Amino acid sequence: MDKRRLIWILWPSFVVAGVAEVLFFTVFDPTELPIPWKGASLSRLDVYSVGFLLFWIFAAASSAFTCFLQRGAKEINRARKENRNAAS
């Protein structure tokens with residue numbers, strides 16, 4: 001993957017994750033969220049950080065899938081030919 005596509009994926013997903021975190025934690029209090037592991041004592045900052053990373057991962061996966069679907073037939077066929085030539 002070239003650097004340009006990586007920027008196309010990571011930058012918009014970073015912005016979306018920031019907006020999603022603000023909207024989510026405006027509605028839900030981090031100290032009242034049900035945490036699957038009972039023994040963990042997480043601060044608000046910890047929950048905000050984990051939430052941001054999860055939102056960023058989901059948004060990046062969505063952006064990566066969009067980039068994958070935008071490939072044209074020529075690009076797909078060129079990649080197949082290169083893989084066949086490399087295998088032989």
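1. The structure holds two salt bridges, a salt bridge being a side-chain nitrogen of Lys or Arg within 4 Å of a carboxyl oxygen of Asp or Glu. This is a predicted model, in which local features need pLDDT of at least 70 and side-chain atom pairs count only at pLDDT 80 or more, while totals for chains, interfaces and linings use all residues. Residues are numbered from 1 along each chain as its sequence is written, and side-chain values use heavy atoms, with hydrogens and water left out.

2. One of the salt bridges joins the side chains of Asp 29 and Arg 44, at 2.8 Å from N to O. Asp 29 lies in the loop between H1 and H2 whereas Arg 44 belongs to helix H2, so the pair ties together parts that are 15 residues apart in sequence; helices here are DSSP runs (H or I, at least four residues), and strands (E, at least two) are likewise DSSP runs, numbered from the N terminus. Asp 29 counts as partly exposed at 24% relative accessibility, and Arg 44 is also partly exposed, with a relative accessible area of 40% (buried means under 20% relative accessible area, exposed over 50%, and partly exposed in between, with a 1.4 Å probe and protein chains only).

3. In the other salt bridge, the side chains of Arg 4 and Asp 2 meet at 3.8 Å, N to O. Arg 4 counts as exposed, at 52% relative accessibility, whereas Asp 2, at 34%, counts as partly exposed.

4. Turning to the rings, the structure holds eight aromatic pairs, where rings of Phe, Tyr and Trp (its six-membered ring) pair if their centres lie within 6.5 Å, and planes under 30 degrees apart count as stacked, over 60 as edge-to-face and the rest as tilted. One of these pairs is Phe 14 with Trp 56, whose ring centres are 5.2 Å apart and whose planes stand at 70 degrees, so the pair is edge-to-face. The pair links distant parts of the chain, since Phe 14 sits in helix H1 (residues 3–27) and Trp 56 in helix H2 (residues 44–69), 42 residues apart. Phe 14 is partly exposed at 35% relative accessible area, and Trp 56 is partly exposed at 26%.

5. The rings of Phe 24 and Phe 25 have their centres 5.0 Å apart and their planes at 85 degrees, so this pair is edge-to-face. Phe 24 is partly exposed, with a relative accessible area of 30%, while Phe 25 is buried, at 13%. Together with Phe 28, Tyr 48 and Phe 55, Phe 24 and Phe 25 form one aromatic cluster.
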